[in-house]
Protein chains: 4
Amino acid sequence: MPVQSTNSASDLIRIGIVGGTGYTGAELLRILARHPRAAISVITSRSESGLSVAELFPHLRGHIDLRFTEPDSGALADCDLVFFATPNGTAMRSAPELLERGVRVIDLAADFRLRDPAVWEHWYGMPHHCPELLAEAVYGLPELNRAAVRTARLVANPGCYPTAVTLGFLPLLEARAIDPSWLVADAKSGASGAGRKVTTGLLMAEIGESFKAYSVTGHRHAPEIAQNLMQFSGVEVNLTFVPHLVPMIRGIEATLYARLADPAVDLERLYAERYAGEAFIDLMPGGHPDTRSVRGANLCRIAVARQGDTGVVVVQSVIDNLVKGAAGQAVQNMNLMFGLDESMGLESLALLP
Amino acid sequence: MPVQSTNSASDLIRIGIVGGTGYTGAELLRILARHPRAAISVITSRSESGLSVAELFPHLRGHIDLRFTEPDSGALADCDLVFFATPNGTAMRSAPELLERGVRVIDLAADFRLRDPAVWEHWYGMPHHCPELLAEAVYGLPELNRAAVRTARLVANPGCYPTAVTLGFLPLLEARAIDPSWLVADAKSGASGAGRKVTTGLLMAEIGESFKAYSVTGHRHAPEIAQNLMQFSGVEVNLTFVPHLVPMIRGIEATLYARLADPAVDLERLYAERYAGEAFIDLMPGGHPDTRSVRGANLCRIAVARQGDTGVVVVQSVIDNLVKGAAGQAVQNMNLMFGLDESMGLESLALLP
Amino acid sequence: MPVQSTNSASDLIRIGIVGGTGYTGAELLRILARHPRAAISVITSRSESGLSVAELFPHLRGHIDLRFTEPDSGALADCDLVFFATPNGTAMRSAPELLERGVRVIDLAADFRLRDPAVWEHWYGMPHHCPELLAEAVYGLPELNRAAVRTARLVANPGCYPTAVTLGFLPLLEARAIDPSWLVADAKSGASGAGRKVTTGLLMAEIGESFKAYSVTGHRHAPEIAQNLMQFSGVEVNLTFVPHLVPMIRGIEATLYARLADPAVDLERLYAERYAGEAFIDLMPGGHPDTRSVRGANLCRIAVARQGDTGVVVVQSVIDNLVKGAAGQAVQNMNLMFGLDESMGLESLALLP
Amino acid sequence: MPVQSTNSASDLIRIGIVGGTGYTGAELLRILARHPRAAISVITSRSESGLSVAELFPHLRGHIDLRFTEPDSGALADCDLVFFATPNGTAMRSAPELLERGVRVIDLAADFRLRDPAVWEHWYGMPHHCPELLAEAVYGLPELNRAAVRTARLVANPGCYPTAVTLGFLPLLEARAIDPSWLVADAKSGASGAGRKVTTGLLMAEIGESFKAYSVTGHRHAPEIAQNLMQFSGVEVNLTFVPHLVPMIRGIEATLYARLADPAVDLERLYAERYAGEAFIDLMPGGHPDTRSVRGANLCRIAVARQGDTGVVVVQSVIDNLVKGAAGQAVQNMNLMFGLDESMGLESLALLP
């Protein structure tokens, strides 16, 4: 089997990946293996050091010819860009030194997503290691912050639920078309959203053929979503957010509910104008987007609808949690940061059925 | 394999089933086969007439020794009770004559659920054949209408979504503890909820490993739910209801959202008092009920929670759509109508994992 | 919710369960909770001591009102019967003392399944603690050893694969109708067959939507099957056995291949005669039994067929690995040991769909 | 969303697809949409004529800007190549005229797979319309017939099961390393293998969470496999083939059993030598390839093993039935027929998890 063809070395972005043994790491490898400008120099894992990447992830056999190494700032410091696909609380320990040495950083975990360190510490249960970087970190949702991402040294890649919910509410809130005093986001995710953690609660025999809500009293993606919604609306927002676990592997669907401030607003037009030219947003007027239609693709499909004449708007927003909700969005950010075509390496169609 | 042991004939309720080739029919057979007082006399199916029940449903081999017959009011008229497990619009054609001849009727479809024939005709797309019976028909949700069910000749067995949503909101609305001006019910169902219809949209390769909303602009269970909520609250209710399809076979989970009228209300106590003594309601304070925990059981599990101090209440309500959402509830109604222990034949535990 | 009605205490079998936190333990509890003669006195778990059974297994809420306790031979010694639903190697440590004190024992693990301690030690990787009991232990496959089970003190409950494969080959081998020099058993199991072990390899995101073989070079159920086949055939058997993992929760299907010694043998008749009167074997001539048709039921469904005129016989054998392959068969053995109707508590129909 | 960038028109292969509404058609579209040398000119469907492709298959939105048209030999005759993704019996009616007019043809159905029209007619239940073309048709398994494919006008794309089973047995039979007097192929497929047919037997609620064999008395892929095996071994082969249905969407796993003619043969080396240089075969010595590791990829993963010293070899062979088992292999054949790099457009990695 052929290994990825290489461009001339000078064209390539030297990439390091910290913590590539989880699903977002694997997905990053899958995408970067086919990216024409990416050269993965080093991939680290404390637990799997020495193991061949292809042994852990058989779908990468013949495409990624690397072994996991011990985290080593030396090798990472020679990179142009380091992705952190680590548990929360890891990137904040290493990012300052890497930035210092001129390496750009994209953190796929939550370390740099919240502006307020006190809020972060409340939800993540640990002190923040470098709160001074929070102001500089750019929240990497290109549809919201494209210009800032282009020049960022440090990008906080959004959470999966926040991506789906924020993109769903964005046109409505920017246009002040809904009543912010109560918004409901009922979100559903496949099992890979919880990562490759070894816990009883993620066993096939526990969660197959079953459905449930979790974290009803509060989930840590809620403050991230609220921060987004308030940023672009400029108003106080009262959001109720409940996540659910779906017996499938990939995919998030968020159904969003709000009351229209102006019942006469042209919803289709509002969304069409806001997302005109966005390569990774697909609007489906009158549709019911299903998660399989974005499986493996860096795409958010959105449909917006009214239910009768009740003055209520219902938005459906679907993504692949590992792509537009994690690794794909990270590569989209990388493309922006390095002046590449934003779609480079992200052209794959969804795998359906 | 042993066939169901029989009691002395005089003790037994002679039962007819019209249209037993779908999933609710099969589930009715599964439950009645072990019911100590039920004797299935006749089961009809226009399409499968002549076929052995056990050939269509192999799990009934050795337990149900009947063949489907052509619908024949003669045989049905000799029954004490006839269940209609038919498409909408069938029971309304045969029920008047059966009632006339002293046979009691439980319709598992929607023909007698809505009080207002105009609303029924709007949502079901056909004229109602016997609107004069709508006033007499009892909506068979025992937790709401137990006394009326006991003496009913004609029971409208509730829809699956309406069962889960109504039982979830009931204590809050009866106590006027929530603001009825906007309620949200985000409901999710396994594929068996759509019945055994042969359509592309229910193929494994179409809906496996995927999740989506449907009927966002309006679903016909919405007016049924609204009718229930208004009945016991006595106030106008504005409900937004969106159903979703889960890649699993059995189970409904409904997540319900409302704003508390009195933020200080003791939610646990409210539910505990309302459902004290109910054999088929199980409250899980602080829990996240999963659909597998009611798989195959005639049970509604409910958990009620607050999300922070936002004044919003979140209710989770789970049922097996084929049991408490259809056939189990129908047998519960039968037990009440015939003066039996309400739990007779419904004692099975859920099948987990 | 009502707790199991109790008979007069003197009628009841006092039961202890050691290690009830796995799936076979949970299934044993589900079945025994509805068994008219069973009274569960004690259930032990080293890891979950103090926890309410209903908290671990929500489907048992209202049906089992016990807490896990520390293993304690005192309480167990007061039982009439102790089930071991433990990892391999546990029962052999406690069984001798219990037997000594007059308690009967059914081990759902493998400790007493193999006659030859050397073979056991090879496959299970530890020395056997009480090889002197191996001769007395009765292999609890009632269709093979019914009489011996009735009088046994110590029953080795068969493995799940060995149950399906042995029952499938039994009539052919007893009748010397096939060539024993090469038999192939290609077996497939749902994820619950691996137990409730917390390993990456059992995560939903790892094994959902995927299929694979495992243990192709040798699985420890192979010597158990071979021992069975040789016992009743009296000849040397060369078996190739390969297990596979199916992306579902419950169910085993084994497809068995052999060459007919006498191509003219009447296969249907052979099976019908061998299994006449067996309550838990269902023959489906010309059929393709699916695992769902036995889900939750104590039943082995078998179909036997020829493929063209090649002289090859193909047997399909399906069970629910947790019922006829584990807990249901254990209760069937209990019924025999205590002189009860063999079917008591095992009358439930399969849950389909 | 960007539509596929186009090359200069003269470089492109003008492609027609007949019957693109099934899963193999959709998969062909997914692959060709990203193929640098493919230009889809026309796609026909009698049932969906006029419908936009993207409406039927939402994952193709923005990538395929075509509507289904009525079958029309005029438009097809202007193509360089026509794929038939039709039910069996369709291609044989249109292929002769297209070939006449200089259009090359790849049939993804079975019309040209069997050499002997009598065998074809027996298994496919209809007379063959152009038996005179059977001798010319090249069986498009490149690993077996690469040279012939390069110059073919008419390619019979192999069946999904035959691809997995043939590639698994090929090195053993070519080397005469096994006893051909009895081979067993126990094969398992996801639901998409049965196509997008609307039948009860493919509903999620019928086949989810269940496993079964089918066609045990004979499946029409058996003569196709047998023809392959005899072609390259030159000896008579007695094959027992049983297919099974797995509750998943994509993937085939075939477990193959044979007795070694020479027990000392070096199996790993045999396979390594036979498949050296093959881009779409991946050998996994000592492994257990799972179907997910080839999901969406044009790849056959094979592991070969012995079970103890019984003289039996066990081969595991996995493919994605829609890719290497259908559309991917068809594009591989197209590449060969048009002198392109055999891997063009087929470089995607599997989607895992």
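Is R30(D) buried or exposed, and what is its relative accessible area? Here are some friendly notes on the salt bridges, with that one answered in point 2.

1. A word on the basis: this is a predicted model, where local features need pLDDT of at least 70, side-chain atom pairs count only at pLDDT 80 or more, and totals for chains, interfaces and linings use all residues. Residues are numbered from 1 along each chain as its sequence is written, chains are lettered from A in the order in which they are written, and side-chain values use heavy atoms, without hydrogens and water.

2. R30(D) is buried, with a relative accessible area of 10% (buried means under 20%, exposed over 50%, partly exposed in between, with a 1.4 Å probe and protein chains only). Its salt-bridge partner is E27(D), with the closest N and O atoms 2.7 Å apart (a salt bridge is a side-chain nitrogen of Lys or Arg within 4 Å of a carboxyl oxygen of Asp or Glu). E27(D) is buried too, at 0%.

3. E27(D) and R30(D) sit 3 residues apart in helix 1 (residues 23–32) of chain D, about one turn of the helix (helices are DSSP runs of H or I with at least four residues, strands runs of E with at least two, numbered from the N terminus).

4. Now look at chain B: R269(B) and E273(B) form a salt bridge at 2.9 Å between the closest N and O atoms. Both residues are exposed, and they lie 4 residues apart in helix 10 (residues 267–274).

5. Across the whole structure, a search over all chains finds 80 salt bridges.
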